[in-house]
Structures are given as structure tokens and as C-alpha cells.
Amino acid sequence: MAGEDAAESRRKHLLNLICEVKARLDGKVDSLSFPIPQFIVIGKQSVGKSRLIEALAGETFNFVSGTLGSRRPTVLEFRNVPGLSPSRWSVFDENLKRWSSYPVQEVMQIVGSAHEACGQNVSELPIRVKVEGEDCTDLGLVDLPGFRTYAKDDAMQALAKKIDTLVFKFMNDENNIMLCVEEAGDAANLATLGKAKQVDPTYKRTILVRNKLDKYYNDLTPENVNKWLEGYGDL
């Protein structure tokens, strides 16, 4: 038991070290000169990426990104801390280069303001959030802006193209493992998986996450539900 505790402590220390290095070097070196593997979450807008992230965080929350949605990467660091309840939420201060803790609702406002500050543009500069609690999974990932399938005017079309360019920059980085979120009811299109295939033809770094199975319940049976969860031949 003591050996397992020591190994767990070393693993958590390594995660924290990688997190700090990434935060301090972000924007100073590119990913090729300092490669660190990481998970990135990709999917269409409103596909349910936040529900996946909530499951990993161990609690429900709602990042408010304004009327235009997210427009910059959100780096999320989850740390499992037995006995810590409620969870402790922190935001990395880019000026002071340190983590500062806030009530969860204030964190939501900070994240929302960071996205709103982009206006009709996007930014590669991430907002960094850390969640520590007894129900968290030890993991770090990058939540990227959702692909836009509808743009009502020229300004929104331009924003959609900027988001595509931003997200594809992360997708093209072979150090990044893509968590590709698709709706079960969108099996005929699988638009995001198609984008992933453009940069990862053999899916060696693509993980398909199929959600909203409840909206496709008429086609689910005890015999095929596992096939749906396994990708139903789409990978």
C-alpha cells in the first residue's frame, strides 16, 4: 500500500510539473521545439463537449461564453484530491504567473469574460483553469472552440473560418490526442470525425466519444447498444 501511495504521489507531482511548465512556456516556444502530449476536445458547437468535461471534473458547471460562444482554448487541469469537497477552482494569472483560487461562479465569469474579450476574433492565448476535488480525474486537456455549422451573416462566416484555422492548428500537432465528440443521432454525417480523418487518416490519435444516445433511443436495443458505444464501425 505504501508503494502504491508513493507511486501515486510521484504521478501527481509529474502532472503538476508538466502543468506548470506548459503554463510558463506558453507562447514562448512552439509545440515542436517543446513537445508535450495532451488531450484536445473537438466537436461542433453545442454537441455536448461540456458534458464530457463535467464527467471528468466530477461535477456539473456551465462555462458562459457569451452569444458568440468560445473563441480561445480553455486549458483544464483536473486533480483528484481525496476528501476535498467542495472542489477547489483556480485560474492561472498570466501576469503574476501563478494560480489564484476563486468561487466556482466567479471562475465561470472570468472564463466568459476571456472569451468575450476576443470580440469577433479568436485568440491562441488560452484561459487556464484548475479543478481539484475528490471526484476529479487526474488529467489535463484543452477544450477548443466548437466548429460552426451555421453562420447567419458575413461576420459570423468569418468567425467560423477563424475558429476552423485555430482548431486545425491543434489538430495538426501530432503530439495532441483528439477526443472527438459526436452526437449518436449524427451518424450519417460525423462531420468532426471527418475533419479528424483529414489530419489523422488511421485514427491512431483519435478517440471517438459518442454522446446524446438518449436522443437516438428508438434505434437502440440491448443487442446493439455496445456497438454504438464502440463506434458502430465508424473507427
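Modeller: Let's start with a definition: buried means under 20% relative accessible area, exposed means over 50%, and partly exposed is in between (1.4 Å probe, protein chains only). By that scale Lys97 is partly exposed, with a relative accessible area of 24%.

Biologist: What kind of model is this, and how are the residues numbered?
Modeller: This is a predicted model, where local features need pLDDT of at least 70 and side-chain atom pairs count only at pLDDT 80 or more, while totals for chains, interfaces and linings use all residues. Residues are numbered from 1 along each chain as its sequence is written, and side-chain values use heavy atoms, with hydrogens and water left out.

Biologist: Thanks! How many helices and strands does the protein have?
Modeller: There are six helices and eight strands. Helices (H or I, at least four residues) and strands (E, at least two) are DSSP runs, numbered from the N terminus. Along the sequence the order is α-β-α-β-β-β-α-β-β-α-β-α-β-α.

Biologist: And what share of the residues is buried?
Modeller: The protein has 235 residues, and 44% of them count as buried.

Biologist: What about contacts between residues 24 or more positions apart?
Modeller: Those make up 77% of the contacts with a separation of 6 or more. Contact here means heavy atoms within 4.5 Å.

Biologist: Back to Lys97, where is it found?
Modeller: Lys97 is in the loop between S3 and S4. Those two strands form a hairpin with four residues between them. Phi of Lys97 is near 55°, a positive value in a residue other than glycine.

Biologist: How do S3 and S4 pair?
Modeller: S3 and S4 are antiparallel, with five bridges. Two strands pair if DSSP finds at least two bridges between them. As an example, Trp89 has Tyr102 in S4 as its bridge partner. S3 also runs antiparallel to S5, joined by four bridges, and there Arg88 has Glu132 as its partner.

Biologist: Which residues of H3 are buried?
Modeller: In H3 they are Val107, Met108, Val111, Gly112, Ala114 and His115. Seen down the axis of H3, these buried residues fall within an arc of 160°, so they line one face of the helix. The arc is that of the directions from the helix axis to the C-beta atoms. On the face turned away from the buried side, H3 carries the exposed residues Gln105 and Gln109.

Biologist: What covers that buried side of H3?
Modeller: The cover includes strands S2 (74-80), S3 (88-93), S4 (98-102) and S5 (127-133).

Biologist: Can we zoom in on Ala114? What does it touch?
Modeller: Leaving aside neighbours within four places in sequence, Ala114 is in contact with Arg72 and Ile127. Ala114 counts as buried because its relative accessibility is 13%.

Biologist: New topic: how many residues are in H4, and what is its reach?
Modeller: H4 covers residues 154-172, so 19 residues, and reaches 27 Å from its first C-alpha to its last, close to the 27 Å expected at 1.5 Å a residue. The expected span is 1.5 Å times one less than the number of residues in the helix.

Biologist: What do the buried residues of H4 pack against?
Modeller: They pack against strand S1 (38-42), strand S6 (139-143), strand S7 (176-183) and helix H5 (191-199). Among the buried residues of H4 are Leu159, Ile163, Phe168 and Met171.

Biologist: What happens at the start of H4?
Modeller: There, a side-chain oxygen of Asp153 comes to within 3.2 Å of the backbone nitrogen of Ala155.

Biologist: And Asn211, is that buried or exposed?
Modeller: Asn211 counts as buried, at 15% relative accessibility. Asn211 is in strand S8 (residues 206-211), and a polar atom of its side chain lies 3.0 Å from the backbone oxygen of Val47. Residues that Asn211 touches include Gly48, Val181 and Glu183.

Biologist: Last one: which residues does the cis peptide bond join?
Modeller: The cis peptide bond joins Ser85 and Pro86, with omega about 0°. Pro86 lies in the loop between S2 and S3. Another backbone detail is Tyr203, which has a positive phi of about 60° although it is not a glycine. Tyr203 lies in the loop between H5 and S8 and is buried, with a relative accessible area of 19%.

Terms used: Polar contact = N/O pair within 3.5 Å; in protein donor to acceptor, adjacent residues only side chain to side chain.
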